[in-house]
Amino acid sequence: MADEQYQDYPTGVDNVHTSFSMEIESPEDWPALPELSWAEFLLWVMGRRSRHRIEGHSMLPFLQPGDEVLYQPQAYRKSQPDLGAVVIVQHPHRPALVMIKRVAAMDSDASGGLQSHRYWLLGDNWAESSDSRSFGWVEQSQLLGTVVCRFHQTP
Amino acid sequence: MLKTISTLIAKVSPAAAVQAHCDGPCGVYDPASARVTAEAVVSMTKKILALEAPAAGDAAAAIAYNNTLSRYIAVKEEQAQKTKEDLLILWTDYFKPVHLEKYPDLHDTFWKAAKLCSACKVEVSQQHADELMAAVEKIHGMFWASKGRDVAFVKAS
């Protein structure tokens, strides 16, 4: 049963331009999330940052259930996320479901003269994550913001 | 000070949830399956030890005895193997390095539990069967504690 999720990297990503060439051996190697600074706190007070509380285990060990993060809404209106960025994202088929995942790959399409991008998102805890392995590529318009720092850590 | 403020804010007014979830069949782990199979091992061990040998010269009783004993042994071996597989899945797939920090004896616990599965398979030992049950209970405790939940260890028998 539970062995199945330990497939190699997801199928259907052969046309990825910027791929998994990062020097990351495993999800445990991601740098820790920055702690809350006064600057970010003030931005939150001013309404330029939003808060979210983590539910579920898919971002372990990076984020625990109950942790709170600050994110910058509309960060990806004009610019694109870096690979490895932690993003707040709308489920592509269930818009009411807002998730937190990490950008694992980007796919660019320049056909028709208009550059468009889509993203392959993964939870850090592959054994307990529903992500692009189940719902596929995610459009940039579904990325609701970028996580900038931790707000609260569950004890 | 900033940390105190943010902790207080998070406590007084928790933020809206964002899902770091898993809604598929993947990642569904539960030590209950190991508990059920380990119970079967304990039960079969007890039954084998309690089985009375047939009277000498009673051919029908000998056949019945051998048949029953063989079946008990087959089930014991099968369930001990199944227990081992269930435990290994928990060990290698569910538990993560972060859990190892919390439970430094995690590897030792699983290693010993897996060895007990082998012992119960090979031997007819009430002592080892009971030790296996205790090991599964310990793993049950670590598993649910790692999820921040207190789940009672309820046996079927």
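Across the interface of chain A and chain B in this predicted model, the rule finds zero salt bridges. Polar contacts do occur there: 14 residue pairs, both members at pLDDT 80 or more, are in polar contact across the interface of chain A and chain B. On the side of chain A that touches chain B, at least two residues each come from α1 (38-45), β1 (50-55), β4 (98-109) and β7 (143-152) of chain A. Of these elements, β1(A) gives the largest share, five residues.

The size of an interface is often given as the accessible area lost when the parts come together. Between chain A and chain B the buried area is about 3000 Å², and carbon and sulfur atoms give 59% of that area. Three residues, A:Arg53, A:Glu55 and A:Glu128, supply 17% of the area that chain A buries against chain B, more than any other three residues. In all, the contact takes 37 residues from chain A and 31 residues from chain B.

Confidence in chain A averages a pLDDT of 80, and 81% of the residues score at least 70. Over residues 1-25 of chain A, however, the pLDDT is below 50, although this stretch has 50 contacts in the model beyond near neighbours in sequence. Where pLDDT is low, the predicted coordinates should not be read in detail.

Within chain B, attention may turn to helix α2. At 1.5 Å a residue, the 19 residues of helix α2 (residues 32-50) of chain B should span 27 Å, and the end C-alpha atoms are 27 Å apart, which agrees. Among the buried residues of α2(B) are B:Ala34, B:Thr37, B:Val41, B:Met44 and B:Ile48. The buried residues of α2(B) pack against α3 (59-94), α5 (106-122) and α6 (126-146) of chain B.

Key. Residues are numbered from 1 along each chain as its sequence is written. Chains are lettered from A and ligands numbered from 1 in the order in which they are written. This is a predicted model: local features need pLDDT of at least 70, side-chain atom pairs count only at pLDDT 80 or more; totals for chains, interfaces and linings use all residues. Side-chain values use heavy atoms; hydrogens and water are left out. Helices (H or I, at least four residues) and strands (E, at least two) are DSSP runs, numbered from the N terminus. The expected span of a helix is 1.5 Å times one less than its number of residues. Buried means under 20% relative accessible area, exposed over 50%, partly exposed in between (1.4 Å probe, protein chains only). Contact means heavy atoms within 4.5 Å. pLDDT is the predictor's confidence in each residue, from 0 to 100. Buried area is the accessible area (1.4 Å probe) that two parts lose on being put together, summed over both. A salt bridge is a side-chain nitrogen of Lys or Arg within 4 Å of a carboxyl oxygen of Asp or Glu. A polar contact is a pair of N or O atoms within 3.5 Å; within protein, one must be able to donate a hydrogen and the other to accept it, and residues adjacent in sequence count only if both atoms are side-chain atoms.
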